[in-house]
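Hi everyone, thanks for coming. I'd like to walk you through one structure today, so please have a look at it while I talk.

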Amino acid sequence: MSKDLSRLKKIAEGKTKVIYENPDDPKTVFMVFKDDITAGDGAKHDIIEGKALVDWQTNKDIFEYLNRKGVRTHYIESSQEKVSLVKKLDFKINLEVVTRRVAAGSILKWGGEEEGKRYDPLITQYHYKDDPLHDPMLDQSYVDYIIRAKQGGEVYAEMKNINMQTFDILEAAFAHFNIQLVDFKLEYGLIEGKATVIDEITGGSFRLWPYAKENPNLKQANVLSELDPSARLDKDTYRQGETLDSVMNKFAQIARITGEFKNLA
Ligand code: 5GP
């Protein structure tokens, strides 16, 4: 039986989701997906009918896979369309934690990185989550200082470990479908004192570039020739001005692929 959300108390509303309290269990909340899509820290905004449902599906598939692989996440279950039951946070950490395998997006602007450059080991960056400030990146020495000196520093180190572990898991999963996970952004909160993956993981959270050929050589210094960014499946389609129909189509393709994750080992 589906829950009548309009009777529940709204705790928070973000750009793409609404959080409602769960009157039956104060330790959990409902996360409800919206059809909204935004880019440029909210400067660009549209509504794409049906997007909430495909994002819900992608998020469900990915979090169920991560839970199965032993990653600590807030996710519990998604038995009602567009609704996920998740653990309530004790504390939300106001950071976006980005991990990159392949140079794309904002890293191209810093220090003239070449698009397609491969990072091994993975690169992880912490951004302070603040739209008006455009999510500024935190200086590594500051992060190191927090890790060494500040109370809770181990949480920073733990977030980095979880981000890299999660990246490896999802990179290997998408590789089964001839797709490279280029980079992603995860968010964290504290649940029972431990850093835990929260929020959503959907087409807006990562870059996905299909392989350009059979058996690509993905271990070389630059992998751009092996991949096909023009066939990207992610939110860059929206950032770069593709039609809303095309964006929706790409997001639906992502949901079809993640729908197969349950069949992976
Ligand atoms: P970049 O720093 O290159 O713009 O983004 C790196 C990765 O993090 C990309 O996969 C991008 O989609 C994701 N990302 C960065 N900032 C945000 C953000 O504010 N919201 C979302 N949903 N994803 C972001």
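Predicted model: local features only at pLDDT ≥ 70, side-chain atom pairs only at ≥ 80, totals over all residues.

Let's start with helix 1, residues 51–68. How many of the residues of helix 1 are buried? The count is 13 of the 18, so the helix is largely enclosed by the rest of the structure. Just after helix 1 comes Gly 70, with a positive phi of about 90°.

Now for the partners of helix 1. As a reminder, two packed helices are described by the angle between their axes and the distance between the axes.

Take helix 3 to begin with, which covers residues 153–175. The axes of helix 1 and helix 3 come within 11 Å and cross at roughly 120°. That angle makes helix 1 oblique to helix 3, and the crossing is right-handed. Which residues meet there? From helix 1 we have Ile 62, Tyr 65 and Leu 66, and from helix 3 we have Thr 166, Ile 169, Leu 170 and Ala 173. By class, this contact has 6 nonpolar residues, 1 polar residue and no charged ones.

Next is helix 5, residues 244–258. Here the axes of helix 1 and helix 5 come within 9 Å, crossing at roughly 30°. So helix 1 is roughly parallel to helix 5, and it passes helix 5 in a left-handed crossing. On the helix 1 side, the contact involves Lys 51, Val 54, Asp 55, Gln 57, Thr 58, Asp 61 and Ile 62. Facing them in helix 5 are Met 248, Phe 251, Ala 252, Ile 254, Ala 255 and Thr 258. The residues of this contact divide into 7 nonpolar, 3 polar and 3 charged.

Finally, some backbone details. Most residues other than glycine have a negative phi, and most peptide bonds are trans. With that in mind, look at Asn 178, which has a positive phi of about 60° although it is not a glycine. This residue lies in the loop between helix 3 and strand 10, and is partly exposed, with a relative accessible area of 46%.

At Glu 192, phi is also positive, near 50°. You'll find Glu 192 in the loop between strand 10 and strand 11 (194–198). Is it buried or exposed? At 69% relative accessibility, Glu 192 counts as exposed.

And the last stop: Asp 120 and Pro 121 are joined by a cis peptide bond, with omega about 10°. Pro 121 belongs to strand 9, residues 118–128.

That's my tour, and I'm happy to take questions.

Conventions: Residues numbered from 1 in each chain as written. Heavy atoms only, no water. Axes fitted to C-alpha atoms, helices over the stretch in contact; angles between N-to-C directions. Helix = DSSP H or I, 4+ residues; strand = E, 2+ residues; numbered from the N terminus. Parallel < 35°, antiparallel > 145°, perpendicular 65-115°, else oblique. Left-handed = near helix turned anticlockwise from the far one by under 90°. Contact = heavy atoms within 4.5 Å. Nonpolar A, V, L, I, M, F, W, Y, C, P; charged D, E, K, R; others polar. Expected span 1.5 Å × (residues − 1). Buried < 20%, exposed > 50% of the residue type's maximum accessible area, 1.4 Å probe, protein only.
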